[in-house]
Amino acid sequence: MKRDRLIPVEKSKKVIYLDPRGRGVDQKHYGAMALYVLAVLCALYCVGIGLFVGFGSYFFLIWGAIAAFCAAWGWILTHKSVQERIPRWIRMTFCGLVAAGILLLLILEGMIFGQFGAKAEEGADYVIILGAQWKTTGPSYVLQKRLDKAIEYLNANPETKVIVSGGQGYNEPVSEAEGMKGYLADAGIDPERILAEDASTNTTQNLIYSGELLNKSEDSVVVVTNNFHMFRALAIAKKQGYLHVEGLSAGTFPLTVPNNLLREAFGIVKDFMANNL
């Protein structure tokens, strides 16, 4: 019968294209799915920190920006017509910048982790406790961690003096130095061992002004700060001429570690550009 015969291609009037979906999912779709998952995770992390941790800064909002960025990128990957409207050189430049940014971030995080668990030798001449937010209820979580770690060292080394460093921010009831001095005194540290530096507003000033209370070229110094902050603090101290300086790392709240690591990477770049490192 006629309908049982095959029709040559050259005589056919229509060309039928097979749907490629049966042969597997496009790699770009896999990439889009990964970006969507990352966007959801970043959004949830941003909300989680904002609701349950509460910071003195709004840096955590960057996770919301990252979530929006990933969602937008994923949407573009699933819409070929949108991609075709973007010149190829723009797409290539964008991918190159993203790759370079990720590589830089990995390098910076490696440097941060290099000092994450810093431990100091016994018998230092001075301990410098770097300031952090002081609330109406007392020290913030990160500052309390620094203070408690310093108290351990000071109790084990009764001849070591301590410098508490930090001024008063717009949202702080007292200067950080004043609050820390009272905290140490309440913990049994002799007030005569405590020196206060209450003019600084950032890490660089902490170390500049604290350096005026000791001999940077001769005295042995232990800088106490949180683990994520230690690399930058020591780098700044060495830049400021501290010749015998070590770090003593305090812990931090586990949930905030990713946020602190990302923020610290930005801090390193900022201080490098300002010639503080």
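Which residue in E4 is the bridge partner of Ile129? Hold that for a moment while I set things up.

What you see above is a predicted model, where local features need pLDDT of at least 70, side-chain atom pairs count only at pLDDT 80 or more, and totals for chains, interfaces and linings use all residues. Residues are numbered from 1 along each chain as its sequence is written, and side-chain values use heavy atoms, with hydrogens and water left out.

Okay, the overview. The protein chain has nine helices and seven strands; these are DSSP runs numbered from the N terminus, with helices being H or I of at least four residues and strands being E of at least two. Of the 277 residues, 38% are buried, and buried here means under 20% relative accessible area, with exposed over 50% and partly exposed in between, using a 1.4 Å probe and protein chains only. As for contacts, meaning heavy atoms within 4.5 Å, take those between residues at least 6 apart in sequence: 75% of them join residues at least 24 apart.

Now the opening question. The partner of Ile129 is Val164 in E4. Val127 is bridged to E4 too, through Val162. Those bridges belong to the parallel pairing of strand E1, residues 126-130, with strand E4, residues 161-165, which runs over five bridges. For two strands to count as paired, DSSP has to find at least two bridges between them.

Let's zoom out to the sheet.

Four of the five residues of E4 are buried, so the strand is largely enclosed by the rest of the structure.

Over to strand E6 and Val222, which lies in it. Val222 is buried, at a relative accessible area of 0%. Leaving out residues up to four places away in sequence, Val222 touches Ala120, Ala124, Tyr126, Val127, Ile128, Tyr153, Glu246, Gly247 and Leu248. Thr160 is 62 residues from Val222 along the chain, and their C-alpha atoms are separated by 9.8 Å.

Next, the helices on the sheet. Which residues of H7 are buried? They're Thr203, Thr204, Asn206, Leu207, Ser210 and Gly211. Looking down the axis of H7, they fall within an arc of 160 degrees, so they line one face of the helix; that arc is taken from the directions from the helix axis to the C-beta atoms. They pack against E1, E4, E5, E6, H8 and helix H9 (257-273).

H8 is mostly covered, with eight of its ten residues buried. The buried ones pack against helix H4 (88-114), E1, H7, E6, E7 and H9. After H8 comes Gly241, with a positive phi near 100 degrees.

There's another positive phi, in a residue other than glycine: Asn275, near 65 degrees, in the segment after H9. For context, most residues other than glycine have a negative phi.

One loop to look at: Ser140, between strand E3 (138-139) and helix H5 (141-156). Buried or exposed, this Ser140? Buried, with a relative accessible area of 6%. A polar atom of the Ser140 side chain lies 2.9 Å from the backbone oxygen of Gln133.

Last, the record. An unreviewed UniProt entry lists residues 30-52, 58-77 and 89-108 as "transmembrane region", and such annotations may be inferred rather than shown by experiment. In the model, residues 30-52 are 100% helix and 0% strand, with end C-alpha atoms 33 Å apart. Residues 58-77 come out at 80% helix and 0% strand, with 30 Å between the end C-alpha atoms.

Conventions
Polar contact = N/O pair within 3.5 Å; in protein donor to acceptor, adjacent residues only side chain to side chain.
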